[in-house]
Amino acid sequence: MSAIRSSLIDPDGGALVDLVAPPGSRAALRAEAEALPRVRLAAVDVEWAHVLAEGWASPLRGFMREHEYLQCLHFNSLRLPSGGLANMSLPIVLAVDDAAKDRVGAAPDVALAGPDGELLAVLRSVEIYPHNKEERIARTWGTTAPGLPYVDEAITPAGNWLIGGDLEVLQPIKYNDGLDHYRLSPQQLRDEFDKRGADAVFAFQLRNPVHNGHALLMNDTRRRLLEMGFKNPILLLHPLGGFTKADDVPLPVRMEQHSKVLEDGVLDPETTIVSIFPSPMHYAGPTEVQWHAKARINAGANFYIVGRDPAGMGHPTEKRDLYNPDHGKKVLSMAPGLEKLNILPFKVAAYDTVAKKMAFFEPSRSQDFLFISGTKMRTFAKTGENPPDGFMCPGGWKVLVDYYNSLQTEGATTPATATV
């Protein structure tokens, strides 16, 4: 019998957290939950429960209690019992309002229900503490400017209290959107890497469609790893699947586009695993990119590709980037608790108008290069204008054009609302 392969990289805390109740105990846990005070979750809260349940945030075992929240907010890390540090740069917290706080009262355990009222989990040994929204926003984003998408969605309308505790989820969280087969847990990903005989796993986080510049970076990274002596590097193409801002391309469209990229041979299906990362998106720049990297450690990736302005966005009220575009990769190379992860900063890719393809930018002939931003790409697709040949595979581009055409068709057929 062959020995079971050891992981390429240990999860934070030494073992993956699994907070989903075993099948044999689910009926009893559900019966217990029925009798407990109930807290209803928003859609974003369910996404965070999913993240916690599968161990993406290992060693965290539930929504943060105050001592964990303060460590995260002030130090971007959690102190381990061993004395070491695990990176933890984003607060994973559950907000409740005054009415929910009163319902919980002094109860040690509470039931968590989804937006539709369906029971999802039990939170044990709970602790309720104040939700200072201004401080949370300022420390996470470095600004309290109005118009931050996650703040508007999940913090401003949330309650003024946070409730933390140990999470027990009744059953694996599913979305029934036709994409659940893409949602591989950290353990499932580790098993798949072992099955494929990977000796290196490099993760690429994205929330946009894949163009040929992305593919150039990913394929070049594999070439570099082979040159370093690795025999079978595997790419984890890992689009973010939780909350994104309104003008981002929706997840189902992105997943269809990614599948076309593999179908068209832009990326090799034999050496690529496409899976959905269930986390919501904060657009918090260098603070958030640490979370994106840390979660991939738990999924078994030992290399992480980082580019320009990771997890960034334009300033919500001024015409400039919210973050310095180089700070993300600099912060990752220094971040506490990420020392075991190999950070791979990538070179800038742009459209080479001479070679008529995506290529690495050469400052000596900068006039030959065209930078096509995500905003410009979306504008092309919305207006039906084709990007330059070689920017994106034809099958992938058609998915985007069809999506934006469908939006225009819907807009044309939606009756106007009368105002009085």
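**Close-up views of the pockets and annotated spans**

**Figure 1. The span of residues 9-171 in the predicted model.** Residues are numbered from 1 along each chain as its sequence is written. The model is predicted, local features need pLDDT of at least 70, side-chain atom pairs count only at pLDDT 80 or more, and totals for chains, interfaces and linings use all residues.

**Figure 2. The largest pocket, between domain 2 and domain 3.** The largest pocket holds about 1300 Å³ of space. Among its 46 lining residues, Asn208, His214, Arg308, Asp309 and Gly374 are the closest to its centre. A pocket is an open set of points on a 1 Å grid over the protein atoms alone where a 1.4 Å probe fits, with protein on both sides within 12 Å along at least five of seven lines; lining residues have an atom within 4 Å of a point. Grid points are joined across faces, edges and corners, and a volume is the space filled by probe spheres set on the points. Because domain 2 (180-346) and domain 3 (347-415) both contribute to the lining, the pocket lies between them; domain bounds come from an automatic or database domain assignment.

**Figure 3. Elements and residue classes lining the largest pocket.** At least two lining residues come from each of β8 (200-206), α8 (212-227), α10 (285-298), β11 (303-306), β13 (349-352) and α12 (374-383). The largest share, four residues, belongs to α12. The lining comprises 23 nonpolar, 12 polar and 11 charged residues (nonpolar: Ala, Val, Leu, Ile, Met, Phe, Trp, Tyr, Cys and Pro; charged: Asp, Glu, Lys and Arg; polar: the others, Gly among them).

**Figure 4. The second largest pocket and its lining.** Val46, Leu120, Ile173, Lys174 and Tyr175 lie nearest the centre of this pocket, which has 26 lining residues. Two or more of these come from each of α2 (43-54), β6 (119-130) and α9 (251-263), and α2 gives the most, four residues. The space within amounts to about 490 Å³. Domain 1 (25-169) and domain 2 (180-346) each provide at least three lining residues.

**Figure 5. The span of residues 181-402.** UniProt (unreviewed entry) places "domain: Sulphate adenylyltransferase catalytic" here. The span is 36% helix and 16% strand, and its end C-alpha atoms are 24 Å apart.

Terms used
Heavy atoms only, no water. UniProt positions renumbered as here; feature names shortened; annotations may be inferred.
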